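Here is a short report on one protein structure. Please keep the sequence and the 3D view at hand while reading.

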Amino acid sequence: MFHLLFIASAFKKTVQTYHSLFRARMLIMPMMQSYSKAGDFTVKGKLKSALVDNAIYYGSYLLICGILLIYIALKPGVYLDGPKIKAIASSASNTWGLFLLILLLGYALVEVPRNLWNNSKKNYTLTYSYFKIAKLSTDKCEAEETMDDILDSLNSVMAAVGPGHPLHRHVETIVQKLTIQLRDRLNSRVAPERPTPPSFKSLVNLHKKTIKALHVLQRTETQWGLMLERIFHLEDVASNSRSPDHRFQHTFHTPRPRVQRIFYPPMFEWYWECFLRPYFLKTMAVVTCILSVAVVWSEVTFFCKKPVLSIFANIVIAAKESYNYAAIVSVSTLIIAYMFYCAYSTVLKIRLLNLYYLAPHHQTNEYSLIFSGMMVCRLTPAMCLNFLSLVHMDSHIIKERIMETYYTQIMGHMDVLGIIAEGFNIYFPMLVVLLCLATYLSLGSRLLSLCGFQQFVGDDELTTDLVDEGREIVKREKRKRQRAEESMARRRDYSDRFSGYRTRDNRDGAHTGLLNDVDSDYYVTPSPERSSTAAGSQRPESSYQDDLDKGSERAHCPPSGPSLKIEGATR
């Protein structure tokens with residue numbers, strides 16, 4: 001009994017944390033989001049810009065809340081007080097969260113199993129990677145062109161704002177954000193003849209554009225390198241699948257930690273990449289497909305209480321009748337974990353032009369991170385209430401008097417308004433069937449492709465052209481890397497070969513010094529003629545080293561025709 005009370009108390013504190021997240025999403029995160037993208041040079045200026053940007057945001061919220069309050073106040077028999085207004089705000093937020101949740105689930109419940117199944121096919125994954133790197137090449141060129149425009153503007157501003165100008169320190173703040181390579185490119189540009197002095201507002205806008213352009217350029221360059229590494233690995237997997245010795249061989253050598261070399265040798269890597277991984281992904285695709293079908297069926301039938309048609313509700317009721325607490329916890333954890341994965345994985349894939357984009361490997365800016373945090377805070381309460389509806393543990397959905405959960409005691413229900421309780425919360429989740437069907441037929445991708453947005457559609461001509469372009473890009477980058485590695489290998493061999501000569505020459509010098517330390521009476525004194533001849537035939541060590549250096553220069557630089565003739569005549 002004590003452990004049940006402890007779990008209930010912990011869950012109650014967790015629900016209270018959700019309330020804090022709700023307040024943070026409504027008040028703090030929008031301010032932080034505007035503060036992160038502000039181009040002002042002081043904290044006060046950034047806060048002022050954030051307040052101005054959020055005036056429209058908060059104004060629209062106040063307008064909607066005012067209309068709802070007037071609508072509720074005019075209804076007979078309804079009295080507004082503090083708890084009632086709090087419940088209305090929570091219900092409105094949860095309803096908006098449910099709307100987003102159904103949209104995300106309608107996409108992810110089909111796309112998650114399909115992605116797992118497609119990733120098990122080597123040819124599909126490689127073709128899709130060619131398509132992505134062709135698109136990434138376009139994004140990279142656009143980022144470089146945008147950065148060139150920023151450098152042109154900075155060049156004009158630096159020519160107009162000298163060291164004694166009042167805005168010079170702000171210009172230096174912008175220049176300091178550039179990398180060393182970009183500063184060199186900026187300094188190499190020719191200054192305009194008659195530059196126009198900028199205003200403070202134009203400098204703020206230029207600072208804002210510079211921050212955004214720098215992040216986009218760094219992100220595209222990082223993703224370019226990572227995508228090339230992924231494609232090289234996929235090509236290695238395709239070539240090693242036909243290997244008879246069952247040992248994975250990489251086209252380009254990549255250093256690996258010692259632990260990985262010990263526990264993940266080339267033989268294990270071959271069996272995992274070429275044999276076991278496709279079967280594992282197909283198994284996971286089948287499992288997630290079964291879970292997706294169960295979620296869709298339960299979303300459509302959770303409002304039926306007699307007979308109970310929801311799969312998850314039947315499982316929980318059967319476990320409750322047998323007092324199997326472990327089964328209830330396990331099934332509930334599995335269901336809500338899969339729903340969380342589907343919703344949040346879709347949030348990670350949302351890309352709204354270049355304004356909001358979650359990129360892996362620490363390439364996401366502050367604005368996108370805060371926006372994703374707002375989405376998570378909005379989705380979490382609605383997802384929990386939707387889960388309680390699926391398992392028939394929300395008394396306001398099944399219209400039966402049962403013990404309230406701690407979550408509904410604190411967060412309330414989504415039926416404060418009649419139109420929401422009797423229509424939206426019950427019938428809108430049925431829309432997930434249509435959304436799943438549209439996702440299965442790739443209607444969204446085909447529509448975006450018709451509008452001019454590049455999407456991976458298998459039977460489209462644009463997709464085929466981008467795949468061919470990506471294949472040529474990879475071939476070019478592979479030849480470039482192979483030439484670089486061959487050049488490094490030649491330089492390494494050359495340096496190893498001539499370092500042996502230098503070492504032997506140093507040893508000869510040391511041996512001569514040892515001989516000179518011996519008593520000179522031991523040796524026969526040579527005649528003067530022989531001594532002079534020997535002195536003339538000896539070559540100093542410095543001249544020998546100079547000949548080696550000249551020889552190395554001749555090895556790297558091809559000699560011209562006259563020098564060859566002179567050497568031949570001398571010889």
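The notes below cover a helix, the nonpolar cores, a surface patch and the salt bridges.

## Model and helix α12

This is a predicted model. Helix α12 spans residues 366-390, 25 residues in total. From first C-alpha to last, α12 reaches 36 Å, close to the 36 Å expected at 1.5 Å a residue. Most of α12 is covered, with 21 of its 25 residues buried. Just after α12, His392 takes a positive phi of about 60°.

## Nonpolar cores

The largest nonpolar core holds 37 residues. Leu101, Leu109, Phe312, Tyr338 and Cys342 have the most contacts inside this core. At least two core residues come from each of α3 (82-119), α9 (266-301), α10 (311-321), α11 (325-349), α12 and α16 (431-440). Helix α3 gives the most, with 10 residues.

Take Cys342 as an example. Setting aside neighbours within four places in sequence, Cys342 is in contact with Leu105, Ala108, Leu109 and Val112. A second, separate core has 22 residues, including Leu151, Val161, Val204 and Leu217.

## A nonpolar patch on the surface

In soluble globular proteins, nonpolar side chains tend to be buried together. Here a nonpolar patch lies on the surface. Its members are Met267, Phe268, Tyr271, Trp272, Phe275, Leu276, Tyr279, Phe280 and Met284. Together they have about 890 Å² of accessible area. Phe268 is found in helix α9.

## Salt bridges

The whole structure contains 10 salt bridges. One of them pairs Arg114 with Glu111, with the closest N and O atoms 2.8 Å apart. These two residues are 3 apart in helix α3, so about one helical turn separates them. Arg114 is partly exposed at 22% relative accessible area, while Glu111 counts as buried at 12%.

Lys480 and Glu477 also meet in a salt bridge, at 3.7 Å from N to O. They too are 3 residues apart, in helix α18 (residues 461-517), with about one helical turn between them. Lys480 is partly exposed at 45% relative accessible area. Glu477 is buried at 15%. Elsewhere, salt bridges that share partners join Asp148, Asp152, Arg185 and Arg189 into one network.

## A link across the sequence

Asp148 lies in helix α4 (residues 122-160), and Arg189 in the loop between α6 (180-187) and α7 (200-240), so the pair ties together parts 41 residues apart in sequence. Asp148 is partly exposed, at 26% relative accessibility. Arg189 is partly exposed as well, with a relative accessible area of 26%.

Definitions and conventions: Residues numbered from 1 in each chain as written. Predicted model: local features only at pLDDT ≥ 70, side-chain atom pairs only at ≥ 80, totals over all residues. Heavy atoms only, no water. Helix = DSSP H or I, 4+ residues; strand = E, 2+ residues; numbered from the N terminus. Expected span 1.5 Å × (residues − 1). Buried < 20%, exposed > 50% of the residue type's maximum accessible area, 1.4 Å probe, protein only. Core = buried A, V, L, I, M, F, W, Y, C linked by side-chain atoms within 4.5 Å. Contact = heavy atoms within 4.5 Å. Patch = residues over 30% accessible without salt bridge, like charges linked within 9 Å, V, L, I, M, F, W, Y side chains within 5 Å. Areas by Shrake-Rupley, 256 points an atom, 1.4 Å probe, with all protein chains shown as cover. Salt bridge = Lys/Arg side-chain N within 4 Å of Asp/Glu carboxyl O.
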